[in-house]
Amino acid sequence: MSAIKRDPMSEFASEEVIEIVAGEPVSLKQKGVYVLTQSPDSHQDGYGFLVVGDRFPRDTEPQSLKESLVYMSTPKEIEELKNNENAKEALDLYFLNVAKGNQALAKQLVKTYYKRVADANKLFSTYKEGWKTDKGMVFVIMGPPSRVQRNRQREVWLYAQNSNNSEIIFTFYRKTNTFTDQNFELVRYPEYSSFWYPFVEAWRTGNVVE
């Protein structure tokens, strides 16, 4: 849960410009983010959308599967995943290492974690996959909130705690960007770490119940 905020445009580089002619059908076979605009030199008046694979919101490609492990991984593990060019092998090693060699636990972690990622994709995808959004990040680790309060500019997620603790609260503010008006950014409070990391540890020890 990094406190550093980046310009969404910094995440992308233009790879191709496709001219659309009125009245002619267009088929976009390459997965990725597209911006529909009248001027390829300016995206300010554009509309962004995501082209996904046939199995979306599920993901079966090892390369992107290992990328979505970022929320439950240490910096060292993230670096190891990036450096291993064999994505399938990297995934197998990752889950076996986290499960300390327990194959049954490793399989459980794979099934539970990627179901949560698929659910985040289904619920929160806009111009990027749902798990990559702030809402998706919280959803993957914490699960669905107990209650949600929302208005036009803000959404508050509340998670019930036990009788000895108050609710955990996450606040998201709408921040429109070039691609979508459904972009919500999490307010990152330092005190989140006191319960965020125990939830991450619950994932790593197989104590998350789906």
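Tutor: Let us start with the word contact, which means heavy atoms within 4.5 Å. This is a predicted model, in which local features need pLDDT of at least 70 and side-chain atom pairs count only at pLDDT 80 or more, while totals for chains, interfaces and linings use all residues. Residues are numbered from 1 along each chain as its sequence is written, and side-chain values use heavy atoms, with hydrogens and water left out.

Student: Which residues does Leu-69 touch?

Tutor: Leaving aside residues up to four places away in sequence, Leu-69 touches Leu-81, Leu-91, Tyr-94, Phe-95, Tyr-113 and Tyr-114.

Student: And how many residues has the largest nonpolar core?

Tutor: That core has 40 residues, and Leu-69, Tyr-113, Val-138 and Phe-170 have the most contacts inside it. A nonpolar core is a set of buried Ala, Val, Leu, Ile, Met, Phe, Trp, Tyr and Cys residues joined through side-chain atoms within 4.5 Å. Buried means under 20% relative accessible area, exposed means over 50%, and partly exposed lies in between (1.4 Å probe, protein chains only).

Student: Which element gives the largest share of this core?

Tutor: The largest share, 8 residues, comes from α4. Helices (H or I, at least four residues) and strands (E, at least two) are DSSP runs, numbered from the N terminus.

Student: Stepping back, how many helices and strands are there?

Tutor: The protein has 6 helices and 6 strands. Along the sequence the pattern reads β-β-α-α-α-α-α-β-β-β-β-α. Of its 210 residues, 37% are buried.

Student: At what angle do α5 and α6 pack?

Tutor: They pack at about 60°, with their axes 9 Å apart. Axes are lines fitted to C-alpha atoms, for helices over the stretch in contact, and angles run from 0 to 180 degrees between N-to-C directions. The angle therefore makes α5 oblique to α6. Angles under 35 degrees count as roughly parallel, over 145 as roughly antiparallel, 65 to 115 as roughly perpendicular and the rest as oblique.

Student: Which residues meet there?

Tutor: Met-137, Val-138, Val-140, Ile-141 and Met-142 of α5 meet Trp-196, Phe-199, Val-200 and Trp-203 of α6. The residues of this contact are 9 nonpolar, no polar and no charged. Here Ala, Val, Leu, Ile, Met, Phe, Trp, Tyr, Cys and Pro count as nonpolar, Asp, Glu, Lys and Arg as charged, and the others, Gly among them, as polar.

Student: Now the sheet, please. What is the strand order?

Tutor: An open sheet of 4 strands has the order β3-β4-β5-β6, with antiparallel pairing. Two strands pair if DSSP finds at least two bridges between them. The edge strands, β3 and β6, each pair on one side only.

Student: How many bridges join β4 to β5?

Tutor: There are 6 bridges between β4 and β5, and Glu-155 has Phe-172 in β5 as its bridge partner. On the other pairing, β3 and β4 share 4 bridges and form a hairpin with 3 residues between them.

Student: Is β4 mostly covered or uncovered?

Tutor: Strand β4 is mostly covered, as 5 of its 6 residues are buried.

Student: Last one: is Arg-174 buried or partly exposed?

Tutor: Arg-174, which lies in strand β5, is partly exposed because its relative accessible area is 24%.
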